[in-house]
Amino acid sequence: MEELFSFLEAEGVDRALLAGVRAFRAKFPAAPEQQCRVPTPEYFYYGKKTWELALAALLAGKNLLLAGPKATGKNVLCEDLGALFGRPVWNVSFHINTDAAYLVGTDTYDGRAVVFRPGPIWLCAAQGGFGVLDEINMAKNEALAVLHAALDFRRSLDVPGYERIDLRPETRFIATMNYGYAGTRDLNEALTSRFAVLDMPVIAEEDLQKLISRRYPAINVKIRDQLAKLYGELERKAEAAEISDSALDLRGLLDAVALMEQGLTSGDALRMCVVNKSFDDYERGLIRDVIGARVPADLTRADVFGT
Ligand SMILES: Nc1ncnc2c1ncn2[C@@H]1O[C@H](COP(=O)(O)OP(=O)(O)OP(=O)(O)O)[C@@H](O)[C@H]1O
Ligand SMILES: [Mg+2]
């Protein structure tokens, strides 16, 4: 994981925190059979301050709740943190039907006898994993109650009918939740209180330039900079409530570049991946205007990826 460490050093992340992570890794090396669960990150998260907040919380033994709008890199950061700390990761996607049996485990019949099939939270606890509790606010409160003892000072899983186990000291939980757009629910106070809460910022313009260049090294720098500015402008308009946040979607902007790489014109690519994320004609017009002021619609692959 030296590449990620070098990246963070180059980003200027506090050396003392990085030294803390190295000490953690030395104290809690992943077992050979766990290696397959230690992430190899595809993308690096950009945002020095956010990194420092997250590292400090995890090093202090806290659980972390990453809260913020869509496509702010919450899952990318989770993967990166698992990789940096060198721990096996269990990803659990929460939804309305998530229940305690799924999280902790169930008794099943294996053809000969009834055996306990451990769930992801149990495995995390027993193996010192990093549990990513994705979109934790989407689950019902009853299902989340089994997590209370695991997430506070008791650090144990104690569910009636199951053997009680203590969390290994290196176990951490990182939850994510969306807020700020339709269809999300609040997280109950008892649960929120058990996390250090990190507000995920929208990526800074300079970081976005670096991100685009890293993912598309051949992109024309002027066009890259216009795309980064365009994103900032959409953000300002969404914040001022001139447009909704439907088109403020970094995934969409990056997807648009991928489609230009496939040979679509800038206009077609940005329409599919950004403008059309809004289903309101008037708003689409506003978004088209913002884009039009920065990026002409008729750019070809040769324009976008030429020097
Ligand atoms: N600060 C950032 N650094 C690196 N990548 C970022 C950042 N912000 C957004 N991204 C990019 O945005 C895309 C979405 O990231 P990710 O899936 O982690 O977002 P998310 O916050 O989990 O979104 P959602 O709430 O919709 O699940 C990825 O391509 C990711 O690389
Ligand atoms: Mg996500």
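**Labels and the values behind them**

Tutor: We begin with the ligand, where a polar side-chain atom of Lys74 lies 2.8 Å from an oxygen atom of ligand 1. Please bear in mind that this is a predicted model.

Student: What makes the pair formed by Lys74 and ligand 1 a polar contact?

Tutor: The cut-off is 3.5 Å between N or O atoms. The Lys74 pair is at 2.8 Å, and therefore it qualifies as a polar contact. Backbone atoms take part as well: a polar backbone atom of Thr72 is 3.1 Å from an oxygen atom of ligand 1, and one of Val76 is 2.9 Å from an oxygen atom of the ligand. The protein covers 91% of the 630 Å² of accessible area that ligand 1 has on its own.

Student: Which residues come nearest to ligand 1, and which helices supply at least two residues of its shell?

Tutor: There are 19 residues around the ligand, and Tyr46, Ala71, Lys74, Asn75 and Arg215 come nearest. The helices are α4 (74–85), α10 (205–215) and α12 (250–261). By class, the shell has 10 nonpolar, four polar and five charged residues. The space that ligand 1 takes is the largest pocket.

Student: Why is Asp207 called buried?

Tutor: Buried means under 20% relative accessible area. Asp207 has 13%, so the label applies. Asp207 belongs to helix α10.

Student: Why is Ser266 given the label buried?

Tutor: The relative accessibility of Ser266 is 0%, which is under the 20% limit, and therefore Ser266 counts as buried. Ser266 is part of helix α13 (residues 266–273). From Ser266 to Asp289 the separation is 23 residues in sequence and 14 Å in space, C-alpha to C-alpha.

Student: What makes the phi of Ala241 worth a remark?

Tutor: Most residues other than glycine have a negative phi. Ala241 is not a glycine, yet its phi is positive, at about 60 degrees. Arg155, also not a glycine, has a positive phi of about 40 degrees. Arg155 sits in the loop between α8 (148–151) and β6 (156–157).

Student: What is the phi of Gly128, and which helix does this residue follow?

Tutor: Gly128 follows α6, and its phi is positive, near 65 degrees.

Student: Which residues of helix α6 are buried?

Tutor: In α6 (residues 120–127) they are Pro120, Ile121, Trp122, Cys124 and Ala125. An α-helix has 3.6 residues a turn, so residues three or four places apart point the same way.

Student: How many residues does the chain have, and what share of them is buried?

Tutor: The chain has 307 residues, and buried residues make up 50% of them. It contains 15 helices and nine strands. Along its principal axes, the C-alpha trace spans about 65 × 40 × 40 Å.

Definitions and conventions. Residues are numbered from 1 along each chain as its sequence is written. Chains are lettered from A and ligands numbered from 1 in the order in which they are written. This is a predicted model: local features need pLDDT of at least 70, side-chain atom pairs count only at pLDDT 80 or more; totals for chains, interfaces and linings use all residues. Side-chain values use heavy atoms; hydrogens and water are left out. A residue is near a molecule or strand if one of its heavy atoms lies within 4 Å of it. A polar contact is a pair of N or O atoms within 3.5 Å; within protein, one must be able to donate a hydrogen and the other to accept it, and residues adjacent in sequence count only if both atoms are side-chain atoms. Accessible areas come from the Shrake-Rupley method with a 1.4 Å probe; for residues, only the protein chains shown count as cover. On a 1 Å grid over the protein atoms alone, a cavity is a set of points where a 1.4 Å probe fits but cannot get out, and a pocket is an open set with protein on both sides within 12 Å along at least five of seven lines; lining residues have an atom within 4 Å of a point. A molecule sits in a cavity or pocket if more than half of its atoms lie within 2 Å of its grid points. Helices (H or I, at least four residues) and strands (E, at least two) are DSSP runs, numbered from the N terminus. Ala, Val, Leu, Ile, Met, Phe, Trp, Tyr, Cys and Pro count as nonpolar, Asp, Glu, Lys and Arg as charged, and the others, Gly among them, as polar. Buried means under 20% relative accessible area, exposed over 50%, partly exposed in between (1.4 Å probe, protein chains only).
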